[in-house]
Amino acid sequence: MKLVTGNSNRALAEAIANHLDLSLTDCTVKRFADQEIHVQLHENVRGEDVYVLQSTSAPADGNLMELLLLADTLRRSSARRITAVIPYFGYARQDRRATGRTPISAKLVANMIAAAGVNRVITLDLHTDQIQGFFDIPTDNLYSAPVMTRDIEQHYDIENLMVVSPDVGGVARARAIAKRIGTDLAIVDKRRPRAGVSEVMNIIGDVSGKRCLLVDDIVDSGGTLINAAEALLISGAKDVSAYITHGVLSEGACERIGASQLKELVVTDSIHETEEQRETTNIRRITIAPLIGEALARTAREQSVSSLFN
(Lines give C-alpha, C1' and ligand atoms only; values in the text may rest on other atoms or scores of the structure.)
Protein backbone atom coordinates (compact mmCIF):
# COMPACT_ATOMS: atom_id res chain seq x y z
CA MET A 1 0.00 0.00 0.00
CA LYS A 2 1.45 3.36 -1.05
CA LEU A 3 0.14 6.91 -0.63
CA VAL A 4 0.77 9.64 -3.19
CA THR A 5 -0.39 13.25 -2.90
CA GLY A 6 -0.57 16.33 -5.08
CA ASN A 7 -0.54 19.92 -3.83
CA SER A 8 -4.23 20.44 -3.04
CA ASN A 9 -4.17 19.49 0.66
CA ARG A 10 -0.82 18.14 1.78
CA ALA A 11 -1.60 18.63 5.49
CA LEU A 12 -4.56 16.22 5.27
CA ALA A 13 -2.50 13.73 3.24
CA GLU A 14 0.23 13.76 5.91
CA ALA A 15 -2.37 13.28 8.67
CA ILE A 16 -3.85 10.28 6.83
CA ALA A 17 -0.36 8.83 6.33
CA ASN A 18 0.38 9.27 10.06
CA HIS A 19 -2.86 7.52 10.96
CA LEU A 20 -1.84 4.56 8.78
CA ASP A 21 1.75 4.67 10.07
CA LEU A 22 3.02 5.13 6.51
CA SER A 23 5.18 7.68 4.70
CA LEU A 24 4.02 9.56 1.62
CA THR A 25 5.63 8.29 -1.57
CA ASP A 26 8.42 10.56 -2.78
CA CYS A 27 6.92 12.46 -5.70
CA THR A 28 7.45 15.82 -7.40
CA VAL A 29 4.45 17.82 -8.60
CA LYS A 30 5.59 21.19 -9.88
CA ARG A 31 4.86 23.77 -12.56
CA PHE A 32 6.99 25.02 -15.40
CA ALA A 33 7.29 28.75 -16.07
CA ASP A 34 4.19 28.65 -18.31
CA GLN A 35 2.21 26.93 -15.46
CA GLU A 36 2.24 23.54 -17.21
CA ILE A 37 2.16 20.79 -14.56
CA HIS A 38 4.99 18.26 -14.34
CA VAL A 39 4.80 15.04 -12.28
CA GLN A 40 7.59 12.61 -11.44
CA LEU A 41 7.67 9.64 -9.06
CA HIS A 42 10.93 8.93 -7.27
CA GLU A 43 10.00 5.47 -5.98
CA ASN A 44 9.14 2.16 -7.61
CA VAL A 45 5.37 1.44 -7.58
CA ARG A 46 5.28 -1.58 -9.90
CA GLY A 47 2.65 -4.03 -8.68
CA GLU A 48 1.65 -1.78 -5.75
CA ASP A 49 -1.79 -0.80 -4.42
CA VAL A 50 -1.56 3.02 -4.70
CA TYR A 51 -3.86 5.68 -3.23
CA VAL A 52 -3.74 9.20 -4.70
CA LEU A 53 -4.84 11.80 -2.13
CA GLN A 54 -6.08 14.92 -3.91
CA SER A 55 -9.08 17.23 -3.42
CA THR A 56 -10.26 19.06 -6.52
CA SER A 57 -10.83 22.30 -4.62
CA ALA A 58 -9.71 25.75 -5.77
CA PRO A 59 -7.87 26.11 -8.04
CA ALA A 60 -10.17 23.33 -9.25
CA ASP A 61 -8.73 23.04 -12.76
CA GLY A 62 -5.12 22.81 -11.60
CA ASN A 63 -5.84 20.34 -8.80
CA LEU A 64 -7.93 18.17 -11.12
CA MET A 65 -5.13 18.16 -13.69
CA GLU A 66 -2.63 17.13 -11.00
CA LEU A 67 -4.90 14.20 -10.10
CA LEU A 68 -5.17 13.10 -13.74
CA LEU A 69 -1.41 13.34 -14.32
CA LEU A 70 -0.64 11.46 -11.10
CA ALA A 71 -3.01 8.67 -12.17
CA ASP A 72 -1.46 8.48 -15.63
CA THR A 73 2.03 8.42 -14.11
CA LEU A 74 1.08 5.51 -11.85
CA ARG A 75 -0.58 3.61 -14.70
CA ARG A 76 2.49 3.98 -16.89
CA SER A 77 4.65 2.92 -13.91
CA SER A 78 2.71 -0.40 -13.69
CA ALA A 79 0.89 0.17 -10.39
CA ARG A 80 -1.40 -2.80 -9.71
CA ARG A 81 -4.39 -0.72 -8.56
CA ILE A 82 -4.90 3.05 -8.52
CA THR A 83 -7.45 4.52 -6.10
CA ALA A 84 -8.25 8.22 -6.30
CA VAL A 85 -9.04 9.53 -2.81
CA ILE A 86 -10.90 12.80 -3.35
CA PRO A 87 -12.05 14.28 0.00
CA TYR A 88 -13.74 17.16 -1.84
CA PHE A 89 -15.05 16.36 -5.32
CA GLY A 90 -15.17 19.63 -7.29
CA TYR A 91 -17.79 20.23 -9.99
CA ALA A 92 -20.26 18.10 -7.98
CA ARG A 93 -22.79 20.94 -7.92
CA GLN A 94 -23.02 20.74 -11.72
CA ASP A 95 -24.69 17.33 -11.66
CA ARG A 96 -27.62 18.04 -13.99
CA ARG A 97 -28.79 20.38 -16.72
CA ALA A 98 -30.75 22.93 -14.71
CA THR A 99 -31.20 25.08 -17.85
CA GLY A 100 -30.68 24.53 -21.55
CA ARG A 101 -27.29 24.58 -23.31
CA THR A 102 -25.22 23.72 -20.20
CA PRO A 103 -22.85 20.78 -19.50
CA ILE A 104 -23.15 18.08 -16.87
CA SER A 105 -19.69 18.84 -15.57
CA ALA A 106 -19.67 16.23 -12.78
CA LYS A 107 -20.16 13.45 -15.34
CA LEU A 108 -17.39 14.81 -17.57
CA VAL A 109 -14.96 14.93 -14.63
CA ALA A 110 -15.91 11.36 -13.69
CA ASN A 111 -15.16 10.22 -17.25
CA MET A 112 -11.79 11.98 -17.22
CA ILE A 113 -10.75 10.35 -13.93
CA ALA A 114 -11.61 6.87 -15.21
CA ALA A 115 -9.88 7.54 -18.56
CA ALA A 116 -6.68 8.56 -16.72
CA GLY A 117 -6.38 5.01 -15.38
CA VAL A 118 -8.04 5.21 -11.95
CA ASN A 119 -9.53 1.87 -10.85
CA ARG A 120 -11.53 3.07 -7.83
CA VAL A 121 -12.68 6.35 -6.29
CA ILE A 122 -13.12 7.14 -2.59
CA THR A 123 -14.73 10.49 -1.80
CA LEU A 124 -16.54 12.23 1.06
CA ASP A 125 -20.08 13.62 1.30
CA LEU A 126 -20.86 13.99 -2.40
CA HIS A 127 -23.24 16.85 -3.14
CA THR A 128 -25.76 14.25 -4.34
CA ASP A 129 -25.48 10.49 -3.88
CA GLN A 130 -26.38 9.75 -7.50
CA ILE A 131 -23.02 11.18 -8.65
CA GLN A 132 -21.64 7.75 -7.73
CA GLY A 133 -23.49 6.51 -10.80
CA PHE A 134 -21.55 8.93 -13.02
CA PHE A 135 -18.46 6.75 -12.53
CA ASP A 136 -18.02 3.56 -14.52
CA ILE A 137 -15.62 2.31 -11.82
CA PRO A 138 -16.32 1.36 -8.17
CA THR A 139 -16.96 4.46 -6.04
CA ASP A 140 -17.22 4.71 -2.25
CA ASN A 141 -18.94 7.80 -0.84
CA LEU A 142 -17.87 8.24 2.79
CA TYR A 143 -19.95 10.22 5.28
CA SER A 144 -18.69 12.73 7.81
CA ALA A 145 -21.70 12.12 10.11
CA PRO A 146 -19.76 10.01 12.69
CA VAL A 147 -17.05 12.69 12.99
CA MET A 148 -19.60 15.51 13.31
CA THR A 149 -21.73 13.56 15.80
CA ARG A 150 -18.72 12.96 18.05
CA ASP A 151 -17.80 16.67 17.98
CA ILE A 152 -21.39 17.79 18.64
CA GLU A 153 -21.63 15.49 21.67
CA GLN A 154 -18.37 16.93 23.02
CA HIS A 155 -19.29 20.60 22.58
CA TYR A 156 -23.08 20.88 22.96
CA ASP A 157 -25.85 20.02 25.40
CA ILE A 158 -27.99 17.60 23.38
CA GLU A 159 -31.10 18.33 25.49
CA ASN A 160 -31.76 21.72 23.91
CA LEU A 161 -30.50 21.12 20.35
CA MET A 162 -32.39 21.26 17.07
CA VAL A 163 -30.74 20.10 13.84
CA VAL A 164 -31.74 22.24 10.85
CA SER A 165 -31.42 21.58 7.13
CA PRO A 166 -30.74 24.88 5.29
CA ASP A 167 -32.79 23.68 2.29
CA VAL A 168 -35.12 20.86 1.29
CA GLY A 169 -32.38 19.13 -0.74
CA GLY A 170 -30.25 18.56 2.36
CA VAL A 171 -32.95 17.00 4.54
CA ALA A 172 -31.55 13.44 4.32
CA ARG A 173 -28.10 14.63 5.42
CA ALA A 174 -29.46 16.65 8.35
CA ARG A 175 -31.85 13.86 9.37
CA ALA A 176 -28.92 11.44 9.60
CA ILE A 177 -27.19 13.72 12.14
CA ALA A 178 -30.44 14.33 14.06
CA LYS A 179 -31.07 10.59 14.28
CA ARG A 180 -27.55 9.91 15.57
CA ILE A 181 -27.78 12.46 18.39
CA GLY A 182 -31.50 11.95 19.08
CA THR A 183 -32.84 15.44 18.34
CA ASP A 184 -35.68 16.92 16.30
CA LEU A 185 -35.29 18.29 12.77
CA ALA A 186 -36.34 21.60 11.24
CA ILE A 187 -36.12 22.73 7.61
CA VAL A 188 -35.45 26.11 6.02
CA ASP A 189 -37.62 26.61 2.93
CA LYS A 190 -35.24 28.40 0.57
CA ARG A 191 -35.55 29.81 -2.92
CA ARG A 192 -32.52 30.41 -5.17
CA PRO A 193 -33.30 33.05 -7.84
CA ARG A 194 -29.85 32.60 -9.38
CA ALA A 195 -26.60 30.74 -8.68
CA GLY A 196 -24.91 31.90 -5.48
CA VAL A 197 -27.96 33.83 -4.22
CA SER A 198 -30.55 32.45 -1.79
CA GLU A 199 -33.68 33.82 -0.14
CA VAL A 200 -35.20 32.28 3.00
CA MET A 201 -38.97 31.93 2.69
CA ASN A 202 -40.14 29.94 5.73
CA ILE A 203 -39.05 27.80 8.69
CA ILE A 204 -40.66 24.36 8.90
CA GLY A 205 -40.63 23.32 12.57
CA ASP A 206 -40.68 25.04 15.97
CA VAL A 207 -37.21 26.37 16.83
CA SER A 208 -38.28 28.70 19.64
CA GLY A 209 -35.79 28.57 22.52
CA LYS A 210 -33.62 25.98 20.76
CA ARG A 211 -29.90 26.01 20.02
CA CYS A 212 -29.93 25.32 16.28
CA LEU A 213 -27.30 23.44 14.29
CA LEU A 214 -27.40 23.96 10.53
CA VAL A 215 -26.03 20.90 8.71
CA ASP A 216 -24.97 20.89 5.05
CA ASP A 217 -22.29 19.55 2.70
CA ILE A 218 -20.81 22.74 1.20
CA VAL A 219 -20.40 26.35 2.32
CA ASP A 220 -19.19 28.59 -0.50
CA SER A 221 -20.12 32.27 -0.29
CA GLY A 222 -21.80 31.78 3.10
CA GLY A 223 -24.98 33.55 1.99
CA THR A 224 -27.28 30.58 2.55
CA LEU A 225 -26.00 29.99 6.10
CA ILE A 226 -26.13 33.64 7.09
CA ASN A 227 -29.68 34.08 5.78
CA ALA A 228 -30.81 30.85 7.43
CA ALA A 229 -29.24 31.88 10.76
CA GLU A 230 -31.02 35.24 10.67
CA ALA A 231 -34.36 33.56 9.87
CA LEU A 232 -33.93 31.06 12.72
CA LEU A 233 -33.09 33.81 15.23
CA ILE A 234 -36.15 35.79 14.11
CA SER A 235 -38.20 32.63 14.68
CA GLY A 236 -37.02 32.46 18.29
CA ALA A 237 -33.88 30.31 18.19
CA LYS A 238 -31.54 30.86 21.14
CA ASP A 239 -28.41 30.76 18.95
CA VAL A 240 -27.30 29.23 15.65
CA SER A 241 -24.18 27.27 14.72
CA ALA A 242 -23.37 25.25 11.60
CA TYR A 243 -21.63 21.98 10.75
CA ILE A 244 -20.51 21.84 7.12
CA THR A 245 -18.34 19.14 5.52
CA HIS A 246 -16.58 21.14 2.82
CA GLY A 247 -15.44 24.69 3.62
CA VAL A 248 -15.05 26.07 0.09
CA LEU A 249 -15.32 29.61 1.53
CA SER A 250 -14.70 31.62 -1.60
CA GLU A 251 -13.34 35.16 -1.49
CA GLY A 252 -15.13 37.33 1.08
CA ALA A 253 -16.97 34.42 2.71
CA CYS A 254 -14.86 34.39 5.89
CA GLU A 255 -15.38 38.09 6.41
CA ARG A 256 -19.15 37.73 5.97
CA ILE A 257 -19.30 34.77 8.37
CA GLY A 258 -17.15 36.56 10.92
CA ALA A 259 -19.54 39.52 10.90
CA SER A 260 -22.70 37.36 10.91
CA GLN A 261 -24.89 36.13 13.75
CA LEU A 262 -23.54 32.59 13.41
CA LYS A 263 -22.12 31.58 16.78
CA GLU A 264 -19.81 29.02 15.19
CA LEU A 265 -19.09 27.43 11.83
CA VAL A 266 -17.44 24.00 12.02
CA VAL A 267 -15.89 22.59 8.83
CA THR A 268 -13.74 19.54 8.14
CA ASP A 269 -10.23 19.64 6.72
CA SER A 270 -11.31 18.14 3.37
CA ILE A 271 -10.15 21.44 1.83
CA HIS A 272 -6.91 23.14 2.87
CA GLU A 273 -7.19 25.99 5.36
CA THR A 274 -6.45 29.53 4.21
CA GLU A 275 -4.96 32.32 6.30
CA GLU A 276 -8.33 34.12 6.21
CA GLN A 277 -10.04 31.07 7.74
CA ARG A 278 -7.45 30.83 10.50
CA GLU A 279 -8.04 34.47 11.42
CA THR A 280 -11.85 34.17 11.56
CA THR A 281 -12.68 33.56 15.21
CA ASN A 282 -16.03 31.80 14.69
CA ILE A 283 -14.72 29.21 12.19
CA ARG A 284 -13.41 25.94 13.67
CA ARG A 285 -12.00 22.88 11.88
CA ILE A 286 -12.27 19.18 12.70
CA THR A 287 -10.26 16.46 10.99
CA ILE A 288 -11.53 13.61 8.86
CA ALA A 289 -8.07 12.02 8.55
CA PRO A 290 -8.84 9.03 10.86
CA LEU A 291 -12.10 8.35 8.99
CA ILE A 292 -10.44 8.37 5.57
CA GLY A 293 -7.42 6.48 6.89
CA GLU A 294 -9.63 3.69 8.23
CA ALA A 295 -11.54 3.54 4.92
CA LEU A 296 -8.27 3.17 3.02
CA ALA A 297 -7.03 0.45 5.37
CA ARG A 298 -10.28 -1.49 4.93
CA THR A 299 -10.15 -1.08 1.16
CA ALA A 300 -6.58 -2.39 1.09
CA ARG A 301 -7.63 -5.41 3.18
CA GLU A 302 -10.74 -5.96 0.99
CA GLN A 303 -13.00 -5.36 4.02
CA SER A 304 -16.35 -3.59 4.27
CA VAL A 305 -16.24 0.21 4.18
CA SER A 306 -19.97 0.81 4.62
CA SER A 307 -19.85 -0.79 8.10
CA LEU A 308 -17.95 2.31 9.25
CA PHE A 309 -21.26 4.19 9.21
CA ASN A 310 -23.62 1.64 10.77
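Start by selecting Arg-81: this residue is buried, with a relative accessible area of 13% (buried means under 20%, exposed over 50%, partly exposed in between, using a 1.4 Å probe and protein chains only). Before you go on, note that this is a predicted model, where local features need pLDDT of at least 70, side-chain atom pairs count only at pLDDT 80 or more, and totals for chains, interfaces and linings use all residues. Residues are numbered from 1 along each chain as its sequence is written, and side-chain values use heavy atoms, with hydrogens and water left out.

**Salt bridges**

Helices (H or I, at least four residues) and strands (E, at least two) are DSSP runs, numbered from the N terminus.

Next, pick Asp-239 and Arg-211. Their closest N and O atoms are 3.1 Å apart, in another salt bridge. Here strand β12, with Asp-239, is linked to strand β11 (residues 211-219), with Arg-211, across 28 residues. Are these two buried or exposed? Asp-239 is buried at 14%, and Arg-211 is buried too, at 16%.

Move on to Arg-278 and Glu-273, whose side chains form a salt bridge at 3.8 Å, N to O. Arg-278 is partly exposed at 47%, and so is Glu-273 at 28%. How many salt bridges does the structure hold? The count is 19.

**A hairpin**

Select β2 (residues 27-31) and β3: they pair in the antiparallel sense over 5 bridges (strands pair if DSSP finds at least two bridges between them). Val-29 stands opposite Val-39 in β3. Between the strands lie 5 residues, and in this hairpin Gln-35 takes a positive phi near 75°.

Color β3 (residues 37-41) by face: Ile-37, Val-39 and Leu-41 are on the covered side, His-38 and Gln-40 on the uncovered one. In a regular strand, side chains alternate between the two faces of the sheet.

**Last stop**

Finish at Glu-251, in the loop between β12 (239-247) and α7 (253-258). Glu-251 is exposed, with a relative accessible area of 78%.

Conventions:
A salt bridge is a side-chain nitrogen of Lys or Arg within 4 Å of a carboxyl oxygen of Asp or Glu.
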